[in-house]
Amino acid sequence: MNSFMKKYDLILMPSCPIPPRDSIGYHEEGYMIDRVDGKRKTLGECKHPPTAFTTLANISQQPAIVIPTGYVNDKDFGSRLGKLPISAMFVGPVNRDDLCLKVAYALRNKFKFIQAK
């Protein structure tokens, strides 16, 4: 990861590999409806855990920041939750937290739904 970050200032990626999930329908923690096949599964059974991209920054000790970028209409996935948030993650080189904070500050008013106050 360090050699990759020598070539690039920041990495931009989705913060989560799947759209938000309906966890209201199940009261047992650790279960979800798989958006790929529509079946109820444990998080361990899913081939795309919701933390897949954030784990990259955590285990490599890279600074990262997640910013909201929009909404997905959950009705498209068979739920009645309405609009759910989606986000993007910027990952920077080790000890360069300032780059992540600068990009988040620069984008703070670029999306109408995340206006800074």
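**Reading the model**

Mentor: Asn95 is located in the loop that runs between strand 5 (83–91) and helix 3. Helices (H or I, at least four residues) and strands (E, at least two) are DSSP runs, numbered from the N terminus. This is a predicted model, in which local features need pLDDT of at least 70, side-chain atom pairs count only at pLDDT 80 or more, and totals for chains, interfaces and linings use all residues. Residues are numbered from 1 along each chain as its sequence is written, and side-chain values use heavy atoms, with hydrogens and water left out.

Trainee: What is the phi of Asn95?

Mentor: Most residues other than glycine have a negative phi. Asn95, by contrast, has a positive phi near 65 degrees. Gln61 is not a glycine either, and its phi is positive at about 60 degrees. Gln61 sits in the loop between helix 2 (52–60) and strand 4 (64–73).

Trainee: Is Asn95 buried or exposed?

Mentor: Buried means under 20% relative accessible area, exposed over 50%, and partly exposed in between (1.4 Å probe, protein chains only). Asn95 is exposed because its relative accessible area is 69%. Gln61 counts as exposed because its relative accessibility is 64%. For the chain of 117 residues, 31% count as buried.

Trainee: Which residues of helix 3 are buried?

Mentor: In helix 3 (residues 97–107), the buried residues are Leu99, Cys100, Val103 and Ala104. They fall within an arc of 130 degrees when seen down the helix axis, so they line one face of helix 3. That arc is taken from the directions from the helix axis to the C-beta atoms. Turned away from this buried side is a face with the exposed residues Leu101, Lys102 and Tyr105.

Trainee: Which residues does Leu12 touch, leaving aside those up to four places away in sequence?

Mentor: A contact means heavy atoms within 4.5 Å. Leu12, in strand 1 (residues 11–14), touches Ala88, Met89 and Phe90. Leu12 and Ala88 are 76 residues apart in sequence, yet their C-alpha atoms are 7.0 Å apart in space. Among contacts in the chain with a separation of 6 or more, 57% join residues 24 or more positions apart.

Trainee: In what order do the helices and strands follow one another?

Mentor: The chain has three helices and five strands, and along the sequence they follow the pattern α-β-β-β-α-β-β-α.
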